[in-house]
Amino acid sequence: MSARIIDGKTIAADLRGRITDAVHRLRRDRGIVPGIAVVLVGDNPASEVYVRTKSKAVAEAGMRAFDHKLPASTSEPELITLISELNANEEVSGILVQLPLPKQIDAQRVIAAIDPSKDVDGFHPLNAGRLASGLPALVPCTPMGCVLLAKSVHKSLAGLAAVVIGRSNIVGKPVAQLLLAENATVTIAHSKTNDLPAVCRGADLLVAAIGRAEMVRGDWIKPGATVIDVGINRVPGEGGKPRIVGDVAYAEAMQVAGAVTPVPGGVGPMTIACLLLNTLRAACAQNGLPVPKM
Ligand code: NAP
């Protein structure tokens, strides 16, 4: 048996198309153009690629991108001053500070300085608390993408046994909160979990957000389960050229699972689409308009 491949690229392209239409209507009917400020500090090559990809997607959706590239020597007060300016700028609906930040800057203090209504990454403690309390919030993009992919397989997630491996604030915890809000029965596993393979074998829906290449093996997966692989890991490929693999041994998972996200082409494209969705939602909320559901 071979599992169904959950085609994140196509699902994300479809969502981006609907967002672009909504942005067009917002501009035409209300004269509002959502804008996102993307702040990059330093010259981490991976961050530069992410930021370029995000800014391109923002422009393609008909939104404005305000790029701020700061030197690696930027101090925390300097960055927080920029955040305050962006908070006050009405053309900026969303603020994204690309992580990681250089070591002299405390990321938590910077995130806390972002106006929560412009926190399109959904990392502000106020948005995290609202999500945990079941209140409307700007929710982190990758977790939102994971849930949309799971819902492309299951009409409803209610009652499913969901296991999330990973408990980071940016992926594991918010995925678990979103799945709970969908009425799944959620287990959060982590590096101290006893007998992780057995815990995973109980999952109808398995989300791996670990950062360890191909750690989840085929015999950890319940036959027919849905597997969402968040991991992005660089490993040596043929001829020494690096290749990207997920946290799940993909070929093995394909033999056992019911549906699997590929890496690349699964969760990654959804993250960008959900960033656009958050920016659109933020712009609508800031202008007193109903927040589009999509
Ligand atoms: P993170 O902050 O490093 O968290 C990793 C989590 O995995 C931690 O909770 C850790 O447990 C757990 N873990 C580590 N080793 C484990 C083990 N041997 N057994 C069980 N659990 C283990 O990473 P993250 O930021 O959440 O990211 C996770 C992965 O997703 C990374 O590969 C990252 O690149 C990828 N990612 C992808 C996207 C995307 O758009 N596709 C976005 C964000 C992240 P403890 O808490 O006990 O240490």
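Is Thr279 buried or exposed? In this predicted model, Thr279 has a relative accessible area of 0%, and because buried means under 20%, Thr279 counts as buried.

Let's look at where this residue sits. Thr279 belongs to helix H10, which covers residues 267–286. Within the model, the side chain of Thr279 reaches back to the backbone oxygen of Leu275, at 2.8 Å. Setting aside residues up to four places away in sequence, Thr279 also touches Pro34, Gly35, Ile36, Met63, Ser93 and Val120.

H10 gives the most to the shell around the ligand, with 3 residues. In total, 22 residues surround the ligand, and the closest are Arg167, Ser168, Ser191, Arg212 and Thr271. Sorted by class, this shell holds 10 nonpolar, 10 polar and 2 charged residues.

Now for some individual atom pairs. With Thr271, an N or O atom in the side chain is 2.8 Å from an oxygen atom of the ligand. With Arg212, a polar side-chain atom lies 3.0 Å from a nitrogen atom of the ligand. Val230 takes part through its backbone: one of its backbone N or O atoms lies 3.5 Å from an oxygen atom of the ligand. As for the ligand's surface, 920 Å² is exposed when the ligand is taken alone, and the protein buries 71% of that.

Methods: Residues numbered from 1 in each chain as written. Predicted model: local features only at pLDDT ≥ 70, side-chain atom pairs only at ≥ 80, totals over all residues. Heavy atoms only, no water. Helix = DSSP H or I, 4+ residues; strand = E, 2+ residues; numbered from the N terminus. Buried < 20%, exposed > 50% of the residue type's maximum accessible area, 1.4 Å probe, protein only. Polar contact = N/O pair within 3.5 Å; in protein donor to acceptor, adjacent residues only side chain to side chain. Contact = heavy atoms within 4.5 Å. Near = heavy atom within 4 Å. Areas by Shrake-Rupley, 256 points an atom, 1.4 Å probe, with all protein chains shown as cover. Nonpolar A, V, L, I, M, F, W, Y, C, P; charged D, E, K, R; others polar.
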